[in-house]
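Here are my notes on the model you passed along.

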Amino acid sequence: MYELKLRSIIRMVKSDNPQKRFEGLDQLYEYRQMENLEVQVDVLRDMIITAAGTFPEPVDKWDNPSYYLTDFVCNFSIEEVVVCLIKHFDGLSLSAKERAIEYLLGTEDEKVFNFLEDKIVGLINGTEDFMIPISEISTFPVLTRDILGQTIDKLGSEHYKFMLYDLLLSVNASEVEKGFKKQTVLPLLLEDYQAAKEIYMNFDKDYSPKFVYTAWKDNYFYIRSRMRLFLKLMNYYFSEDSEKALLEALSFRDPFIKTEALLVCLAKSLSVDKSVIAECAENIESAEMAYWELRELDLEHLYPIKEGKQPHLAKTRLFTTIVNLPEDEDGVAHFPENIRILDKVETENYYGQPIRFYMMGFKELERGFVGWAGAYALEDGEDTAHLWDGTYTDFIDLDSLSIEGHKEAFFKRREDVKAEVENSIFYESKPRISTGMWFFYGLLIMHWIRNAMRGFEGPLLPSVLFTLAGVALTINELKKNKTKSISIVGHELILQDGKKREGILLHEIRRVEKTKRHVLVYSHEGKPAMKFPLSWVRYEVFYYRMKELTGHLKQAPFIQP
């Protein structure tokens, strides 16, 4: 239905006039934001062909039609787009190639992966500004290993160095090949670690959480992340020099770096003083990391806090939540101090499971506020660390209410949020115009073209009646489609077909399957609970919404990609 406008945009973004290109890209962005947008395949194909063509010299960073056209078509998971992107890949701009690679990785198709391996290797070895899509590629460790095998020499490149280290970590962690290319990687890793350590040591002597989160910020986070990356890699690239570096890092003041080194030392059965474990477990920055990583290594017994673990971890959870909030309007970073537990409340979540929240007091810029940490899943034990994260603060003054008043406000807020969620439409889709009607439109257009070519000779009444029939059929189909929909409202998946309504709660869904014509929904009993035509939804959008809204469940359903 938007084809004519989109074709107009294609012409605009090729204009020699920068203002025209800007207007075209702005309009394309508006269409990009529309949910459940339907676009004919031939328009998407023409967009890719245009994106792979030539454009006027850019006048600013925004002036990259190749990227924005590619990004638009990558919102449609259909085979024709995949085929066309592969065919015209070489003509795309570099940023458009990066976007296309992210999209094509989602196919999980072996032939596409062979194509991508060749293109990614070529871009890494042939350019110095390609941004490797680390998180997407890392999902496929065999592909990642094969790419690394042909680009490992780029570890010496300042641009690619840390991207390749990230990929190396993913390959080793996946156990596809531990110690991959060790002879090449180890000496470079140790050299780069020493360079990073020299920079870190400028911070170590003055380390304090307040400096980190209010003054040093990004300048420091950059070096912290590099130090942690190198130490993690030493688990797989181990030597006498690695051991010395790891043991030395146990004395550093940054609790994240110290904990990272501790975990590798324990994994390598190196002797570690119990006081170091205690420091990592008790520190408000690293307490949660220490607990969960020790648990992952089957070393939970080494966690020194045997009782009261939950309230202890709640302080870390609130601290982490607050320091990661956006800066305030004046550009001041949030930093909570004097965090303490004031009380706790026990209730149930939407699914009837028992949970606990801790009411916390903290100070920021000498003002006292209230925060809430939870929700801890009491089904897993009285002192469990498992939680559905609902930790937050609205920066309500502590002295504005009594403790009981704050608890009443907490429950009132929960009820308001619950009501808002239950009435929120998280997804809605209606049937599209049928294939038969599109075929009819094609015949109608051809009919009028033939009439025009003949100079509209002969009686026009049959043509007019033919057209009116098409209009009547379209109105009738649109009218029927208005009463048909698939939606997710609150916690429920709803099928509406005229007066007939079917619904199933999201946590009661066991699996969702897709056939060539239908979507099938099964309950936990394995019984069919819902069936609707595939044409009623854009499945890739439906899939994404379902994954997003069920991912937190203890028994998340299987949803067929």
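1. **Overall picture.** Keep in mind that this is a predicted model. The protein chain has 21 helices and twelve strands. Along the principal axes, its C-alpha atoms fill a box of roughly 100 × 60 × 50 Å. Of the 561 residues, 44% are buried. If you take the contacts with a separation of 6 or more, 61% of them link residues 24 or more positions apart.

2. **Helices α11 and α13.** How do these two helices, α11 and α13, run relative to each other? The axes of α11 (residues 182-204) and α13 (residues 240-249) cross at roughly 25° and come within 11 Å. Angles under 35 degrees count as roughly parallel, so α11 and α13 are roughly parallel to each other. Their crossing is left-handed. On the α11 side the contact uses Leu186, Leu190, Tyr193 and Lys197, and α13 brings Asp241, Ser242, Ala245, Glu248 and Ala249. Sorted by class, the contact of α11 with α13 holds five nonpolar, three charged and one polar residue.

3. **Helices α14 and α16.** Here is another helix pair to look at. The axes of α14 (residues 255-267) and α16 (residues 287-296) come within 10 Å, with a crossing angle of roughly 15°. That makes α14 roughly parallel to α16 as well. The crossing of α14 and α16 is right-handed, whereas the one between α11 and α13 is left-handed. The α14 residues in the contact are Phe256, Thr259, Glu260, Leu263 and Leu266, and they meet Met289, Ala290, Glu293 and Leu294 of α16. The class count for the contact of α14 with α16 is six nonpolar, two charged and one polar.

4. **The β2-β3 hairpin.** Strands β2 (residues 354-364) and β3 pair in the antiparallel sense, over nine bridges. Within this pairing, Phe362 sits opposite Phe369 of β3. The two strands make a hairpin with two residues between them, and Leu365 in that turn has a positive phi of about 50°.

5. Is β3 mostly covered or mostly open? Strand β3 (residues 367-377) is mostly covered, with nine of its eleven residues buried. Side chains in a regular strand alternate between the two faces of the sheet. Besides pairing with β2, β3 is joined by three bridges to β4 (residues 392-397), and these strands run antiparallel. Trp372 has Tyr392 of β4 as its bridge partner.

6. **The four-stranded sheet.** Further along, β5, β6, β7 and β8 form an open antiparallel sheet in the order β5-β6-β7-β8. Its edges are β5 (425-429) and β8 (500-505), each of which pairs on one side only. On average, neighbouring strands of this sheet are turned by 15° against each other, direction ignored. Helix α21 (residues 539-550) packs on the sheet and touches β5, β6 (484-489) and β7, with its direction at about 160° to that of β5. As for the individual pairings, β7 (residues 492-497) and β8 are antiparallel over six bridges. Glu492 has Leu505 of β8 as its bridge partner.

7. **Thr515.** Which loop holds Thr515? It lies in the one between β9 (509-514) and β10 (518-523). With a relative accessible area of 37%, Thr515 is partly exposed. Leaving aside neighbours within four places in sequence, Thr515 is in contact with Leu520 and Leu534. Leu534 is 19 residues away along the chain, and its C-alpha atom is 7.8 Å from that of Thr515.

8. **Lys20.** At the other residue I checked, Lys20, we are in helix α2 (residues 18-32). Lys20 counts as partly exposed, at 40% relative accessibility. Not counting residues up to four places away in sequence, Lys20 touches Met12 and Ser15. Its C-alpha is 9.4 Å from that of Ile9, and Lys20 and Ile9 are eleven residues apart in sequence.

Key:
Residues are numbered from 1 along each chain as its sequence is written. This is a predicted model: local features need pLDDT of at least 70, side-chain atom pairs count only at pLDDT 80 or more; totals for chains, interfaces and linings use all residues. Side-chain values use heavy atoms; hydrogens and water are left out. Axes are lines fitted to C-alpha atoms, for helices over the stretch in contact, and angles run from 0 to 180 degrees between N-to-C directions. Angles under 35 degrees count as roughly parallel, over 145 as roughly antiparallel, 65 to 115 as roughly perpendicular and the rest as oblique. A crossing is left-handed if the near helix is turned anticlockwise from the far one by less than a right angle, and right-handed if clockwise. Contact means heavy atoms within 4.5 Å. Ala, Val, Leu, Ile, Met, Phe, Trp, Tyr, Cys and Pro count as nonpolar, Asp, Glu, Lys and Arg as charged, and the others, Gly among them, as polar. Buried means under 20% relative accessible area, exposed over 50%, partly exposed in between (1.4 Å probe, protein chains only). Two strands pair if DSSP finds at least two bridges between them.
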